[in-house]
Amino acid sequence: MLFGPAFVAAVAYVDPGNVAANVTAGSRYGYLLLWVLILANAMAVLIQYLSAKLGLVTGSSLSETLGARLRPAARRGFWLQAEVAAAATDVAEVIGGAIALHLLFGLPLAAGGAITGVVSMALLAVGDRRGQRRFELLVVGLLLIITIGFTCGLLFVDVSPSALVGGIVPRFEGVQTLLLAAGMLGATVMPHAIYVHSALARDRHRADLVHLEARGAADGPAEGCGADAPDAEPTAPVRKDAGRGHAVLDRLLRATRWDVAVALVVAGGVNIALLVLAAAALHGVSGTDTIAGAHHAIEAALGPAVGTVFAVGLLASGLASTSVGAAAGAEIMSGLLRVRVPLLARRLVTLVPAVALLAAGADPTYALILSQVVLSFCIPFALIPLVRYTAQVSMMGVYRSGPVVRVASWATVAVIVALNAALLALTMLGVD
């Protein structure tokens, strides 16, 4: 079974920040910004494949590769910004789970945040004790709940085909839509998903390589493929004539392309469904600029059953995404600082700021927005090295990105950085 790592990374694309951004876009502007989600998802497919490819070919995660190439001072500085990104991600995801528990059971937000953290620790404990594949299965199960929770409302609304087609045409209607589009993109492309996917693919590569060899798919991996050479330098190229490992790696890369494509189509479909649901049922309805407000509007428009399923999907989103975020944070620390902290201890440390914010009475919607702004600062630090490394012969050998992929990758970097810069500038200028 070669599928799995991309589905774990895909959870980052359907986290509570995405829910807030997509529902707001649909309720305020109808189908206008549908094209942003389509573009963001296409970019995500490319980015996540490059991340997985780096882990497969080099046998090192992105954070390990950076840690091996940066000087000590730069490595610590890089770790600090990546750690801030992981903490900001965790804040958004714990808040989403807390809001869901408040909507479902009326729990105080701080208590809901603590429960979200405890349950996510239980999920991480399963992965820690039972292995990566068991953790992947749990996350895929939560992703299925997310998909049902956020798409079932479409069965009860009338979607305008002409408006849907019109939303595919790229355009803005004033600075407000530009700001929201930047927020939607910032909520979609997450730096922690880039870091963790390369690590998941690296770990799965080693296990699957042994499995394929046992079945006779290859006689053995060549030196530099990463499976039987754990101490190899991450810059070691893969030789074209290394036929035994080369055939296995080709097969793994093909499977990874399918893994990424299917997982991101699912995640992208969920995001599109959220926007379409809001456009069809909530367009022009006041008070839908918060998750709680959108939930109440959905209940009023479509009935309490649909509202409850939506809240369950939000809870699954918070639980799954915060678990993946904690795993990403542990990988970042291990790769850049070369320090391994027990995953559950790591989960507890990153949980404290989120619960403290909720206990202090911070506005959850504002906290979600602020977390996206923080992530806007951090995403180029993950994205630019990824694109550079996967284009280098010294890193990837014959598996370096081709000319078309290199152009598409740098174009993706330019668009993401430009839109995130716009988000930061407009936010600092106080444009609402």
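This report covers the fold, confidence and selected residues of one protein chain.

The model is predicted: local features need pLDDT of at least 70, side-chain atom pairs count only at pLDDT 80 or more, and totals for chains, interfaces and linings use all residues. Residues are numbered from 1 along each chain as its sequence is written, and side-chain values use heavy atoms, without hydrogens or water.

**Confidence.** Mean pLDDT (the predictor's confidence in each residue, from 0 to 100) is 84 for the chain, with 87% of residues at 70 or more. Residues 217–242 stay under 50. The model still has 56 contacts there beyond four places in sequence; a contact means heavy atoms within 4.5 Å. Where pLDDT is low, the predicted coordinates should not be read in detail.

**Overall build.** The chain has 17 helices and zero strands. Both are DSSP runs numbered from the N terminus: helices are H or I with at least four residues, strands E with at least two. Of 432 residues, 57% are buried. Among contacts between residues at least 6 apart in sequence, 84% join residues at least 24 apart.

Buried means under 20% relative accessible area, exposed over 50%, partly exposed in between (1.4 Å probe, protein chains only).

Leaving aside residues up to four places away in sequence, serine 334 touches Val339 and Arg340.
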